[in-house]
Amino acid sequence: MSTPEVAPKVTIPGSPVVPNMVGPDHAIQFSCHKGIGCWNACCSNIDISLTPYDIVRLKQRLGISSTEFLRDYTVPYEMEKDGIAGVKFRPVENGTACRFMRPEGCSVYEDRPTACRYYPVALLSMRKQDEYTDTESYAIVKEDHCKGHAENRRLTIADYRKEQGVEEYDELARGWRQLVLKKKSAGPAVGAPSLKSRQLFFMACYDVDTFRGFVDSEGFGKLFKLSADEKAMLMADDVELMQFAFRFLKQVLFGEQTIELDETAAKARTEKWRERQMEIEREAAERLTRAEEGMYEDTDLDGGGAHGTFSRGGND
């Protein structure tokens with residue numbers, strides 16, 4: 001076995017994450033099974049973020065649309081102030097437990113989220129400002145209630161990931177993580193995304209069924225060139241559509257061109273946008289002019305009496 005890859009310490013105040021980043025060859029001692037003293041304890045007090053692929057798997061498992069799943073089973077949260085949104089599991093009403101927890105364990109175990117599969121390992125994705133690709137490291141989560149660390153079973157993080165079926169989940173969420181990291185690593189230079197950009201990000205990443213309607217719309221078809229076969233595949237396959245959504249967002253948010261545009265439609269759209277911006281600026285200037293005219297109309301300069309801004313000096 002190769003020497004474990006060890007990265008610098010990262011301190012997270014108040015967090016159960018052990019502040020050492022480690023590589024895939026790092027060995028952990030852990031086992032979770034029915035009959036262990038802490039069975040279901042981690043599911044009784046959840047704080048579980050979901051990836052887009054988690055949502056696809058779970059909405060398919062439940063036989064509902066992504067829109068219904070987001071409404072009934074999740075809550076949105078800001079990953080950073082005024083930034084893009086993430087999605088978390090909504091716990092039981094007036095409680096903290098997972099809604100899929102049962103006495104015998106998880107009722108959606110085969111389709112459980114990435115975070116549940118990883119526990120007690122935490123995936124740490126990082127991307128430097130001058131690098132295109134992201135790098136992955138891991139950390140170990142140790143919580144007081146968890147007795148799994150005392151079990152006599154050792155295996156590497158790489159083997160644990162295979163055992164838990166995490167590799168597929170990570171690969172299919174990679175495009176989303178790159179989008180998040182790209183925005184975070186850009187920092188203040190790019191600025192806070194507009195409300196429209198945040199809404200577009202949320203729909204494309206998390207609400208795949210609404211995004212399907214967006215891609216199937218006449219306006220989208222005029223602007224983006226998709227072959228009949230490619231469009232049919234996107235309409236039929238949630239995962240393919242999700243991956244396409246990541247490409248779409250990289251293109252519209254960061255200018256990474258991977259989807260062919262109709263040049264005529266693109267130019268017309270740009271010109272329409274410019275005209276709208278000029279109209280907005282003109283309307284703003286007119287409002288300012290009217291406001292200034294109104295201020296001076298309220299002022300009696302000839303009589304010296306102050307109706308608004310000016311007052312007359314001297315004695316009566």
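This is a predicted model: local features need pLDDT of at least 70, side-chain atom pairs count only at pLDDT 80 or more; totals for chains, interfaces and linings use all residues.
**A walk through the fold**

The strands S2 and S4 pair in the antiparallel sense, over two bridges. Helix H2, residues 66-73, packs on the sheet and touches S2, S3 and S4. The direction of H2 makes about 80 degrees with that of S3. Helix H6, residues 195-206, also packs on the sheet, touching S2, S3 and S4. The direction of H6 makes about 45 degrees with that of S4.

Now look at the sheet itself. Which order do its strands take? The order is S2-S4-S3, in an open sheet of three strands with antiparallel pairing. S2 and S3 stand at the edges, and each has a single partner strand. So one side of S2 and one side of S3 are left without a neighbour in the sheet.

Next, follow the pairing of S3 and S4. S3 covers residues 74-78 and S4 covers residues 85-89. Five bridges join these antiparallel strands. Tyr77 stands opposite Gly86 in S4. S3 and S4 form a hairpin, with six residues between the strands. In this hairpin, Asp82 takes a positive phi near 55 degrees.

Step back for the whole protein. It has 11 helices and nine strands. Of its 316 residues, 36% count as buried. The protein exposes about 18,800 Å², and carbon and sulfur atoms supply 51% of that area. Take the contacts between residues at least 6 apart in sequence: 66% of them join residues at least 24 apart.

Turn to helix H1, residues 52-62. How many of its residues are buried? Eight of the 11 are, so H1 is largely enclosed by the rest of the structure. The buried residues are Pro52, Tyr53, Asp54, Ile55, Val56, Arg57, Leu58 and Lys59. After H1 comes Gly63, with a positive phi near 70 degrees.

What does Lys59 contact, leaving aside neighbours within four places in sequence? The list is Ile64, Ser65, Ser66, Phe69, Val208, Asp209 and Asp238.

Aromatic rings come next. The count of aromatic pairs is 19. One of these joins Phe30 and Tyr119, with ring centres 6.4 Å apart. Their planes stand at 75 degrees, so the pair is edge-to-face. Phe30 lies in the loop between strand S1 (27-29) and strand S2 (49-50). Tyr119 lies in the loop between helix H3 (114-118) and strand S7 (121-126). The pair therefore ties together parts that are 89 residues apart in sequence. Phe30 counts as buried, at 3% relative accessibility. Tyr119 counts as buried too, at 18%.

A second pair joins Phe211 and Phe244. Their rings are tilted, with 6.5 Å centre to centre and 40 degrees between the planes. Phe211 belongs to helix H7 (residues 208-215), and Phe244 belongs to helix H10 (residues 238-254). So this pair ties together parts that are 33 residues apart in sequence. Phe211 and Phe244 are buried.

The charged end of Arg112 sits over the ring of Tyr109, 3.8 Å from the ring centre. Elsewhere, Lys182 lies over the face of Phe254, at 5.5 Å from the ring centre.

Where is Gln164 placed? Gln164 sits in the loop between helix H4 (157-163) and helix H5 (166-186). Its relative accessible area is 11%, so Gln164 is buried. Not counting residues up to four places away in sequence, Gln164 touches Tyr109, Arg112 and Arg117. Compare Gln164 with Cys116: the two are 48 residues apart in sequence. In space, their C-alpha atoms are 9.3 Å apart.

Notes
Residues are numbered from 1 along each chain as its sequence is written. Side-chain values use heavy atoms; hydrogens and water are left out. Helices (H or I, at least four residues) and strands (E, at least two) are DSSP runs, numbered from the N terminus. Buried means under 20% relative accessible area, exposed over 50%, partly exposed in between (1.4 Å probe, protein chains only). Contact means heavy atoms within 4.5 Å. Accessible areas come from the Shrake-Rupley method with a 1.4 Å probe; for residues, only the protein chains shown count as cover. Two strands pair if DSSP finds at least two bridges between them. Rings of Phe, Tyr and Trp (its six-membered ring) pair if their centres lie within 6.5 Å; planes under 30 degrees apart count as stacked, over 60 as edge-to-face and the rest as tilted. A charge sits over a ring if NZ of Lys or CZ of Arg is within 6 Å of the ring centre and within 35 degrees of the ring normal. Axes are lines fitted to C-alpha atoms, for helices over the stretch in contact, and angles run from 0 to 180 degrees between N-to-C directions.
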